[in-house]
Amino acid sequence: YTTMEVARMLRVSQRTVQDWIRNGELTAVRYGRQIRVHQADIEAFGVTAQAYQQGNLLSCKADNHSAS
């Protein structure tokens, strides 16, 4: 999968996926100038991505709650 496809699957920005790859959190393979992520690596990373999304949701809820 491309970084854009992974971003859409995990509902994050492409930049976030690129950061995860750069930081070693998500394994990817470079083919020339293209970066690809294997299905198995996405599945293994799924738990981390869910925690990331829940963290974002929790911080948004806290921001909305404190504004009330």
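1. Arg15 and Asp19 are joined by a salt bridge, with 3.8 Å between the closest N and O atoms. The term requires a side-chain nitrogen of Lys or Arg within 4 Å of a carboxyl oxygen of Asp or Glu. Both residues sit in helix α2, four residues apart, about one turn of the helix. Helices are DSSP runs of H or I with at least four residues, numbered from the N terminus.

2. Some ground rules. This is a predicted model, in which local features need pLDDT of at least 70 and side-chain atom pairs count only at pLDDT 80 or more, while totals for chains, interfaces and linings use all residues. Residues are numbered from 1 along each chain as its sequence is written, and side-chain values use heavy atoms, with hydrogens and water left out.

3. Asp19 also forms a salt bridge with Arg22, at 2.7 Å from N to O. These two residues are three apart in α2, again about one turn of the helix. The structure holds two salt bridges.

4. How exposed is Arg15? Its relative accessibility is 53%, so Arg15 counts as exposed. Arg22 is exposed too, at 55% relative accessible area. Asp19 is partly exposed, at 26%. The cut-offs: buried is under 20% relative accessible area, exposed is over 50%, and partly exposed lies in between (1.4 Å probe, protein chains only).

5. Now the other face of α2. Thr16, Val17, Trp20 and Ile21 are buried. They lie on the same side of α2 because they cover an arc of only 140 degrees around the axis. That arc is taken from the directions from the helix axis to the C-beta atoms. Arg15 and Arg22 are exposed residues on the face turned away from the buried side. An α-helix has 3.6 residues a turn, so residues three or four places apart point the same way.

6. Gln18 is another α2 residue. Gln18 is partly exposed, at 26% relative accessibility. After α2 comes Gly24, with a positive phi near 85 degrees.

7. The largest nonpolar core has 11 residues, among them Val17, Trp20, Ile21, Leu26 and Phe45. Helices α1 (3–10), α2 (14–22) and α3 (39–67) each supply at least two of its residues. Such a core is a set of buried Ala, Val, Leu, Ile, Met, Phe, Trp, Tyr and Cys residues joined through side-chain atoms within 4.5 Å.

8. What does Leu26 touch, leaving out residues up to four places away in sequence? Its contacts are Val6, Val17, Trp20, Ile21, Val37, Asp41 and Phe45. Contact here means heavy atoms within 4.5 Å.

9. There is one aromatic pair in the structure. The ring centres of Trp20 and Phe45 are 4.6 Å apart and the planes are at 55 degrees, so the pair is tilted. The pair links distant parts of the chain, with Trp20 in α2 and Phe45 in α3, 25 residues apart. Rings of Phe, Tyr and Trp (its six-membered ring) pair if their centres lie within 6.5 Å; planes under 30 degrees apart are stacked, over 60 edge-to-face, and the rest tilted. Trp20 is buried, at 6% relative accessible area. Phe45 is buried as well, at 3%.
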